[in-house]
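Hello,

Here is the structure for you to look over. My notes on its rings and helices follow.

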Amino acid sequence: MAPPSKYSPEFREEAVQIALRSSKTISEVARELELNPETLRGWVKKHQKQQEPAPAAELTVNERVRLKELEPRNRELETEVTVLNKPQRASRRTPGSKQV
């Protein structure tokens, strides 16, 4: 069993937030907080991993509604792209006629 941490959960969270919001490197922030840079880096990685949505997460009701709205528009745009990418036939002109 690991020994108890000398840093409170509140301190860890505050250190992570400082590191994420700062324009400084994790090493610089860690030095200012008198932490080992690898310790802070580990806390930041753990925090980021916890914030990621689960890969197989179900869609919310709002996401499903938005998806249903976007699917027809997506099909329409795909059709337009297909039509625009087809080679255009040369226009048939009779000799002496002017193109308008």
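A word on burial first: a residue counts as buried under 20% relative accessible area, as exposed over 50%, and as partly exposed in between (1.4 Å probe, protein chains only). This is a predicted model, in which local features need pLDDT of at least 70, side-chain atom pairs count only at pLDDT 80 or more, and totals for chains, interfaces and linings use all residues. Residues are numbered from 1 along each chain as its sequence is written, and side-chain values use heavy atoms, with hydrogens and water left out.

Aromatic rings

Rings of Phe, Tyr and Trp (its six-membered ring) pair if their centres lie within 6.5 Å; planes under 30 degrees apart are stacked, over 60 edge-to-face, and the rest tilted. That rule gives three aromatic pairs. In one, tyrosine 7 and phenylalanine 11 have ring centres 5.4 Å apart and planes at 20 degrees, so they are stacked. Phenylalanine 11 is partly exposed, at 30% relative accessible area. Tyrosine 7 is partly exposed too, with a value of 23%.

Phenylalanine 11 also pairs with tryptophan 43: the centres are 6.3 Å apart and the planes at 85 degrees, so this pair is edge-to-face. Phenylalanine 11 sits in helix H1 (residues 9-21) and tryptophan 43 in helix H3 (residues 37-51), so the pair ties together parts 32 residues apart in sequence. Helices here are DSSP runs (H or I, at least four residues), numbered from the N terminus. Tryptophan 43 is buried, at 12%. Ring pairs link Tyr7, Phe11 and Trp43 into a cluster.

H1 against H3

How do H1 and H3 pack? Their angle is about 85 degrees and their axes are 9 Å apart. Axes are lines fitted to C-alpha atoms over the stretch in contact, and angles run from 0 to 180 degrees between N-to-C directions. H1 is therefore roughly perpendicular to H3 (the class covers 65 to 115 degrees; under 35 is roughly parallel, over 145 roughly antiparallel, the rest oblique). Contact means heavy atoms within 4.5 Å. Residues making it include Phe11, Val16 and Leu20 of H1, and Leu40, Trp43 and His47 of H3.

Histidine 47 is buried, at 12%. Leaving aside neighbours within four places in sequence, histidine 47 contacts Glu13, Val16, Gln17 and Leu20.

Helix H4

H4 (residues 61-85) has 25 residues and should span 36 Å at 1.5 Å a residue; its end C-alpha atoms are 36 Å apart, which agrees. The expected span is 1.5 Å times one less than the number of residues. H4 bends by about 25 degrees at leucine 70, and proline 72 follows within four residues. The bend is the angle between axes fitted to the seven residues ending there and the seven starting there.

Best regards

Terms used:
Helix = DSSP H or I, 4+ residues; strand = E, 2+ residues; numbered from the N terminus.
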